[in-house]
Amino acid sequence: MTRAYNFSAGPATLPESVLLQAQAEMLDWHGAGASIVELSHRGPEFIQVAQEAEADLRTLMAIPDDYAVLFLQGGATGQQALIPLNFAAPGQKADYVLTGHWGKTAIKQAKPYVDVNIAASGEGEGFRGIPARADWQLSADAAYVHITANETIHGVEFRDTPEVGDVPLVADFSSSIVSEPLDVSKYGVIYAGAQKNLGPVGISVVIIRRDLLERAGQPRADIFTYASHLAKESMLNTPPTWNWYLAGLVFKWMIAQGGVAEFAQRNARKSALLYGVIDGSGGFYRNEVAAAVRSRMNVPFFLHEEALNKPFLDEAKAAGLISLKGHRALGGMRASIYNAMPEEGVQALAGFMREFQQRHG
């Protein structure tokens with residue numbers, strides 16, 4: 001069997017060694033006589049898996065002890081609704097910095113519960129940059145400030161943590177978590193769907209400064225309360241055990257590869273290679289994002305003629321390069337090059353792009 005280089009934005013490529021280990025352990029996890037997905041989430045086997053996953057993530061991200069780590073069902077969109085419910089009083093303002101499609105989604109989820117103040121927006125410029133911090137119009141009494149650390153569709157990434165004073169900074173890191181070292185202490189809440197850099201679809205990680213869990217928030221069912229999930233060690237209800245297990249394998253793989261510092265170097269090389277091909281194509285390919293905030297994880301690009309889109313995708317697939325079609329909200333192409341995408345895959349894509357330009361330019 002030959003595996004293609006999969007540039008999907010999510011669900012995304014997983015390390016081949018992780019998939020092979022999961023395959024080998026599928027029927028019998030460590031001599032238990034059953035798959036981990038068949039065993040009770042409250043049994044000693046899965047408790048071991050869960051504890052090791054949290055410990056490994058804390059090691060990878062250098063998460064301080066005064067931060068709680070939750071593994072929850074679903075994706076980041078669900079967290080976007082739970083954040084105002086847990087951390088904002090009824091009618092309280094919350095500041096949102098809008099830098100792309102997923103920032104708009106976060107605002108949509110929050111609006112039923114808070115008075116959303118769009119403190120800054122890049123929409124007027126087509127989400128090709130991040131508004132300068134000096135231009136943000138933050139509220140004096142905001143419950144929190146929300147940013148999308150990396151916009152998966154538009155390819156815009158915060159390269160520095162913005163300063164917002166004493167107000168908790170909340171960030172959606174779904175598509176850039178563990179891609180480089182991060183000072184967790186600068187954030188009140190970090191959340192991420194797993195299906196890009198952390199593991200499979202169906203589970204999310206939420207990292208919360210513990211003092212924020214003391215906020216009353218708004219009336220809500222217990223299942224929507226972060227503190228209740230923490231009290232039950234992310235097992236307030238039956239968790240997605242297989243997804244949690246796979247994420248744990250990915251964490252171990254990342255540690256064995258050298259951790260986030262090593263991946264930061266790889267990701268810098270991979271993204272620089274692709275942007276170099278685009279910028280050096282004489283306009284055959286183009287990326288419209290301001291160079292200072294180009295994403296290292298998601299590289300959207302356009303061909304100079306739309307008629308070439310289908311041949312590009314067809315020929316790329318024949319060359320073993322798949323999932324390069326851009327999101328319907330933007331069009332064009334998109335190469336997602338998360339931690340699990342090997343440098344060889346990006347080199348293959350860069351070579352194909354040069355050859356395609358020679359044939360069709």
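Residues are numbered from 1 along each chain as its sequence is written. Because the model is predicted, local features need pLDDT of at least 70 and side-chain atom pairs count only at pLDDT 80 or more, while totals for chains, interfaces and linings use all residues; side-chain values use heavy atoms, with hydrogens and water left out.

**Domains and their contact**

Domain 1 puts 25 residues into the contact and domain 2 puts in 24 residues, where contact means heavy atoms within 4.5 Å.

About 2100 Å² is buried between domain 1 and domain 2, and carbon and sulfur atoms give 57% of this area. Buried area is the accessible area (1.4 Å probe) that two parts lose on being put together, summed over both.

Between domain 1 and domain 2 there are 14 residue pairs in polar contact, both residues at pLDDT 80 or more. A polar contact is a pair of N or O atoms within 3.5 Å; within protein, one must be able to donate a hydrogen and the other to accept it, and residues adjacent in sequence count only if both atoms are side-chain atoms. On the side of domain 1 that touches domain 2, two or more residues each come from β6 (150–151), β7 (156–157) and α6 (241–257). Of these, α6 gives the most, with 3 residues. Helices (H or I, at least four residues) and strands (E, at least two) are DSSP runs, numbered from the N terminus.

**Salt bridges**

A salt bridge is a side-chain nitrogen of Lys or Arg within 4 Å of a carboxyl oxygen of Asp or Glu. The count by this rule is 18 salt bridges, and the count between domain 1 and domain 2 is 3 salt bridges. Two salt bridges are listed here.

| Glu-157 | Arg-296 | 2.5 Å |

**Backbone features**

Gly-10 and Pro-11 are joined by a cis peptide bond, with omega about 0°. Pro-11 sits in the loop between β1 (5–6) and α1 (16–25). Ala-62 is not a glycine, yet has a positive phi of about 50°; Ala-62 is in the loop between α2 and β2 (67–73).
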